[in-house]
Amino acid sequence: MTALLTLRGLAVGRRLGPTDLALAAGEFVGLVGPNGAGKTTLLRAALGLLPAAGHSSIAALPITARPRHVAYLAQERELVWPIAVEELVALGWRANPDHRGDGMAQARALSQRLGLAAFARRQVPGLSGGERARVLLARALAQGAPLLLADEPCAALDPAQSIRTAKLLRARADAGDAVLATMHDLPLAARYCTRMIVLDQGEIRADGPPGTVLTQELCREVFGVAVLRHGAGWTIAELEDEA
Amino acid sequence: MRLILALSALCALLFSTSLFVGSGNVGFWNSLRGYLGAGDPLVVLVMQELRLPRAALAVLIGASLGLAGAGLQGFLRNPLAEPGIVGTSAFAALGAVLALQTGLAAVFPMALPLAGLAGAALSVLLLLALSGPGARTTTLILSGVALSAAAGAMVSLALNLSRNPFAANEMMFWMMGSLADRSFQHVVVALPILALGALLIWSSRKGLDALSLGEETAVSMGVDVRRLRLMLIFGTACLSGAATSVAGMIGFVGLVVPHLLRRATGGLPSRLLVPSAVGGAALILAADITVRVILPGRDLKLGVLTALIGTPVFLHLIWKSRGREA
């Protein structure tokens, strides 16, 4: 299967140890780990946004060629200028050198498909944190790149929107794209991701299907929580000795 | 587009008005004959050699300051930024003051704008040396503030050490900013540099839009932020440096005009560039007409008037941003 992202020995000082990773088309990978584990550092280094040792297939590309291959949803959600939702989404379309035109029609269609129509004509700085997060995700998707690196795409979203977003990312993967998303909601990641990577103190502790990655021992050791599986769903609970 | 057309129409109206307003009580028809090269030779001289270049410089300088302000605000993602923040205007003023102080300007009149341009060029080199080509925004702003302070101190020193009160007066009045008594030579000196600056800012428009989403997202969208930063610094330096070199310090235009037009243009930095340039030209034309009309014969300085207009708008901006932070 074609690898859309390859990392070989990618390392960033003390924040990220030498990391090998290959991401293929059709995968929705949930990158999980406690705060400070190095999740964002890994994404940023993979994109070439940080000085890093080792190799990243994306960072190795010329800057102008990257939008064709990868879209990025950053953690930063602040927007200073009074830009309307559809206009912002269209910026994503225009970033891809293969796209022609101003992208307004595509942005409108995508906004409707993602349920942003209710506030599509409003200006982004006036939206709530959750609405803004959805608009920025739409901007990244509008780029039409086969690989999406998303830093906490479900942050600030209510439970229903979190599920919709996870399903949307899974649908992208099922359609042949690849998604690498940092996530904190373990049950949500386990439910929708095709693969999970647990990062702790800058090192990959586990990598594989959610069912094999989220073991009791690992969750206790890395996250300090108990994880319970029931059917297709998961819940997390306090450790018994702390209860 | 409608906004640009409306502002252009306003600009054309103010330009025409500017051609027929002045201290000499010449009258409309005599002025018109003067522009066409007929009638009293003195009137011809005043119209063609003083008023026409004055109006042309008002357009060029206003457009430059408006464009530089819009570009820099987009780059710094800060509506309170103005072209002078990178220190170029202060150094251009220092260069011009030194030309006056050394007497060079008395021997060769064009030494004044040329020394201003040399000061502006020096400021860019110092800014890059101080902050580095890959500097982050805060470092860039702090470096600009430090350079402006240094240039201000050196201007004060030049004033302090001036040989006589008349020389000091000349420097003080020059720094207040004016378009009076400028010739086409000033236009010729400034135009190529202003055009280069405008080209640099205009070429950065796509990058500025992407930068609205933050530096890292912009890089992921294919923007070489380091290159964009250099283009913006050089572009702003060309525009504000050349403008200050021929007209002295004219503040607030680059701050106020983009701010006033931002909502009407939809917020994208690229869409603000042309309206800000045309709006800046209109504002300077209007201000230059006003200084000739409200206090004829008293030589009210253009920079003083723009500061009087700009300060309340600036205070309003601060008041609004204070409300947002609360």
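This is a predicted model: local features need pLDDT of at least 70, side-chain atom pairs count only at pLDDT 80 or more; totals for chains, interfaces and linings use all residues.
View 1. Two arginines do have a ring under their charged end: R191(A) sits over Y192(A), 5.3 Å from the ring centre, and R205(B) sits over W202(B), at 4.2 Å. The rule for sitting over a ring is that NZ of Lys or CZ of Arg lies within 6 Å of the ring centre and within 35 degrees of the ring normal. Some housekeeping: residues are numbered from 1 along each chain as its sequence is written, and chains are lettered from A in the order in which they are written. Local features need pLDDT of at least 70, side-chain atom pairs count only at pLDDT 80 or more, and totals for chains, interfaces and linings use all residues, while side-chain values use heavy atoms, leaving out hydrogens and water.

**View 2. The largest pocket.** This pocket has a volume of about 840 Å³, and R205(B), K206(B), G207(B), D209(B) and S270(B) lie nearest its centre among 31 lining residues. Elements giving two or more residues to the lining are α3 (85-95) of chain A, plus α1 (2-19), α9 (184-203), α10 (205-211), α12, α13 and α14 (269-294) of chain B. The biggest contributor is α10(B), with 5 residues. By class, the lining splits into 17 nonpolar, 7 polar and 7 charged residues. Nonpolar covers Ala, Val, Leu, Ile, Met, Phe, Trp, Tyr, Cys and Pro; charged covers Asp, Glu, Lys and Arg; the others, Gly among them, are polar. A pocket is an open set of points on a 1 Å grid over the protein atoms alone, with protein on both sides within 12 Å along at least five of seven lines, and a lining residue has an atom within 4 Å of a point.

**View 3. The largest cavity.** A cavity is a set of grid points where a 1.4 Å probe fits but cannot get out, and the whole structure has 2 of them of 30 Å³ or more. The largest has a volume of about 60 Å³. Both chains line it: Y72(A), L73(A), A74(A), E76(A), L136(A) and R139(A) are joined by L213(B) and T217(B). Helices (H or I, at least four residues) and strands (E, at least two) are DSSP runs numbered from the N terminus.

**View 4. The second largest cavity and F252(B).** Here the space is about 40 Å³, lined by G251(B), F252(B), V253(B), V256(B), L283(B), T306(B), I309(B) and G310(B). The lining has 5 nonpolar, 3 polar and no charged residues, and α15(B) gives the most, with 3 residues. F252(B) is found in the loop between α12 (225-247) and α13, with phi near 75 degrees, a positive value in a residue other than glycine.

**View 5. R77(B), another positive phi.** R77(B) has phi near 50 degrees and belongs to the loop between α3 (41-76) and α4 (88-101) of chain B. R77(B) is partly exposed too, with a relative accessible area of 22%.

Conventions. Grid points are joined across faces, edges and corners, and a volume is the space filled by probe spheres set on the points. Buried means under 20% relative accessible area, exposed over 50%, partly exposed in between (1.4 Å probe, protein chains only).
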